[in-house]
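Hi,

Here is the structure I said I would pass on. Have a look at it first, then read my notes below.

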Number of protein chains: 2
Amino acid sequence: MSTIYDVAELAGVSPATVSRVFNGTSVSDEKVAAVRDAAKRLNFTPNRAARTLRTQNSEVIALVIPDIENPYFTEMARGVEDVASKAGYSVVLCNSDAQLDKESTYLQIAIAEHMSGVIIATASESSNLDPIIATGRPVVAVDRHTAYDVDGVVMANRAAGTSATKDLIRAGYRRIAYIGGPAHIDTAAERAAGWQDALTAEGREIDPELLRFSTFRVDGGRAAMEELLALPERPDAVVAGNNLIGVGAIQVLTEHGLTPPAVGVAVIGSLPFTTLSPSAVTVVRLPARHMGVTAANMLLERIRGDQQPARTVVLRNQVHAAGAAR
Amino acid sequence: MSTIYDVAELAGVSPATVSRVFNGTSVSDEKVAAVRDAAKRLNFTPNRAARTLRTQNSEVIALVIPDIENPYFTEMARGVEDVASKAGYSVVLCNSDAQLDKESTYLQIAIAEHMSGVIIATASESSNLDPIIATGRPVVAVDRHTAYDVDGVVMANRAAGTSATKDLIRAGYRRIAYIGGPAHIDTAAERAAGWQDALTAEGREIDPELLRFSTFRVDGGRAAMEELLALPERPDAVVAGNNLIGVGAIQVLTEHGLTPPAVGVAVIGSLPFTTLSPSAVTVVRLPARHMGVTAANMLLERIRGDQQPARTVVLRNQVHAAGAAR
DNA sequence: CTCCCAAATGTAATCGATTTCAGAACCGAG
DNA sequence: CTCGGTTCTGAAATCGATTACATTTGGGAG
């Protein structure tokens with residue numbers, strides 16, 4: 001590995017000049033050429049650790065998500081990455097696995113590595129962002145609200161819950177259940193509230209048996225669906241609180257010979273890699289990629305010194321009703 | 001952010017002693033206690049950039065994959081992460097998007113950041129690993145072979161292709177097509193060779209029309225399946241070269257009213273988040289997580305100084321035949 | 001022809017942790 | 001009581017890039 005000193009020597013200039021060539025302050029054309037040539041010949045790459053140590057910041061942003069195996073989050077990651085890499089930043093993807101300790105470990109690393117900022121979908125309401133915020137580094141919360149005064153990008157969760165439910169009502173289903181993620185995650189609670197809204201607006205009673213909080217994973221959807229099917233009075237339709245719950249619910253229904261639309265299903269979020277006929281299930285599409293793009297742009301603005309008060313962007317969703325053309 | 005000097009002052013020792021406390025060389029018990037106490041009071045976290053600059057290596061490993069949206073790779077990533085984080089290493093996930101330039105950018109970053117090693121599923125046969133290998137940092141290739149003399153972990157691809165095909169033969173299908181990834185990726189070519197083996201072993205002719213190379217993505221599977229269905233002499237079964245091709249093929253078949261087993265389908269790799277009845281499709285399960293675990297362990301051994309000649313581990317697969325119990 | 005200012009360049013300090021080297025303190029053996 | 005050898009400890013050099021400050025150079029104004 002060659003250093004800035006090697007380049008300086010070969011080019012016949014001082015190390016300071018080499019640095020200036022790469023950081024864009026005034027250097028004469030001939031020296032610029034000499035330095036670039038020398039750098040190429042030596043295959044010089046600046047040592048990031050040294051640069052970070054001196055400047056106290058690195059062009060890296062951390063993206064912390066609770067489940068790397070959920071396509072919703074990887075799609076979002078793509079959005080973040082596209083924006084960030086265009087701006088010369090690299091993205092470090094950290095999988096907190098929805099565990100608070102893993103999450104805070106990654107946040108510690110972000111601090112110790114002097115990363116420029118953090119985009120995080122928190123593991124829970126009680127996630128502790130104090131240390132990272134204390135450093136003054138910008139933080140953008142995605143998908144979920146936090147207890148902190150930071151920028152955020154969320155889906156219109158309550159509206160999504162309502163649309164999904166209304167579509168099932170419109171299709172004539174009578175007993176519509178809801179399966180959501182953990183109640184302590186606001187995303188899950190809000191979507192459930194939307195479900196409740198839709199039913200109430202129709203003057204229907206809310207049967208508490210039909211409201212299930214589970215995990216945001218396939219197994220959670222499966223377990224809750226099994227429970228619902230075991231009820232004395234079965235639901236004839238179900239709203240799935242996220243994509244994976246939807247998958248789990250449909251799996252169980254299929255195994256019981258109740259493939260949609262035998263039982264109505266509406267999913268909040270796109271079904272990943274689905275092989276179902278698109279007309280069988282209602283899908284409320286969530287613009288995950290767009291959420292990532294928005295969050296990354298907000299973070300970059302903050303990194304560049306934007307000081308305006310914290311903003312929260314709410315993204316609207318599109319409903320793709322069952323039975324509709326693709 | 002407090003530094004080692006602050007801690008030293010508060011504890012009444014020299015910075016060198018503080019460093020020694022955290023790196024486990026001989027320090028008297030009382031000073032250890034004093035330092036730990038001071039560190040806790042100041043909420044001290046060592047500055048990684050400084051540490052990396054001095055020691056010329058950081059406890060970070062890079063994992064470079066061609067498609068972060070493919071569950072096969074994220075499952076592998078989980079395996080890598082579990083092993084690495086247990087050993088005190090963090091994992092940086094880099095998405096090369098199957099593009100050589102993005103791939104080499106990430107490898108440059110790995111070098112400049114002094115990362116300890118790299119696990120990579122190369123974008124293509126012509127991936128250039130020279131720079132990273134020149135630094136002497138260990139590299140482990142996963143999923144795909146490389147032109148370099150490095151450790152590797154791959155699936156038994158040819159055998160997987162053969163098993164998948166044989167199962168369709170056993171089920172009585174006559175005209176079995178194959179849709180694989182890009183021909184320039186050895187994984188794709190080997191699986192296709194396995195398909196050919198199985199047919200030849202049965203004394204069947206190979207119709208070149210039935211062999212399609214596409215991309216390892218859903219749209220690739222869709223396009224190739226459409227082409228196959230448009231042939232004058234349609235196939236009555238198809239082997240999908242990876243999970244996403246399988247999804248695409250099944251989608252198209254469903255849209256044409258040919259849901260498996262109307263047309264036989266065997267997939268190399270698990271169908272992600274499938275809602276199909278498990279008896280409809282043959283699946284050759286690939287131990288993706290295990291691949292990640294193995295690769296991470298190999299890499300850690302190398303990082304610790306293991307000098308033995310390069311090894312390649314081949315992982316066997318399990319067939320789950322259509323119609324079999326779960 | 002002199003003076004002043006701006007542009008270009010170099011010197012050296014700096015970021016924070018690790019590590020070499022040398023010295024201090026202490027032990028037991030002779 | 002002295003000597004050789006551990007065991008601790010601190011001072012200072014070091015990693016490689018950036019940058020404040022000083023110096024040189026050249027051009028234009030007066």
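Predicted model: local features only at pLDDT ≥ 70, side-chain atom pairs only at ≥ 80, totals over all residues.

Residues are numbered from 1 along each chain as its sequence is written, and chains are lettered from A and ligands numbered from 1 in the order in which they are written.

Back to His114(A): its phi is near 55°, positive in a residue other than glycine. His114(A) sits in the loop between α6 (100–112) and β3 (115–120) of chain A (helices are DSSP runs of H or I with at least four residues, strands runs of E with at least two, numbered from the N terminus). Phe273(A) is not a glycine either, and has a positive phi of about 50°. Phe273(A) is in the loop between β9 and β10 (282–285) of chain A, and is buried because 23 other C-beta atoms lie within 10 Å. For context, most residues other than glycine have a negative phi, and most peptide bonds are trans.

There are cis bonds too. The peptide bond from Pro260(A) to Pro261(A) is cis, with omega near 10°, and the one from Pro260(B) to Pro261(B) is cis with omega near 5°. Pro261(A) is in the loop between α11 (243–255) and β9 (264–268) of chain A; Pro261(B) is in the loop between α11 and β9 of chain B.

On to β9(B) itself. Five of the five residues in this strand (264–268) are buried. Gly264(B), Ala266(B) and Ile268(B) point one way, Val265(B) and Val267(B) the other. β9(B) pairs in the parallel sense with β8 (237–240) of chain B over four bridges (strands pair if DSSP finds at least two bridges between them), and Ala237(B) stands opposite Gly264(B). β10 (282–285) of chain B also runs parallel to β9(B), joined by three bridges, with Thr282(B) as the bridge partner of Ala266(B).

Now the whole of chain A. It has twelve helices and twelve strands. Its radius of gyration is 25 Å, well over the 20 Å that the globule rule gives for 326 residues, so chain A is more spread out than a compact globule (the radius is taken over C-alpha atoms, and the rule is 2.2 Å times the number of residues to the power 0.38). The C-alpha trace of chain A spans about 85 × 40 × 30 Å along its principal axes, and 51% of its 326 residues count as buried.

Last, the DNA. By class, the surface near DNA strand C has 13 nonpolar, nine polar and five charged residues (Ala, Val, Leu, Ile, Met, Phe, Trp, Tyr, Cys and Pro are nonpolar, Asp, Glu, Lys and Arg charged, and the others, Gly among them, polar).

Cheers

Terms used: Buried ≥ 20, exposed ≤ 12 C-beta atoms within 10 Å, placed from the backbone.
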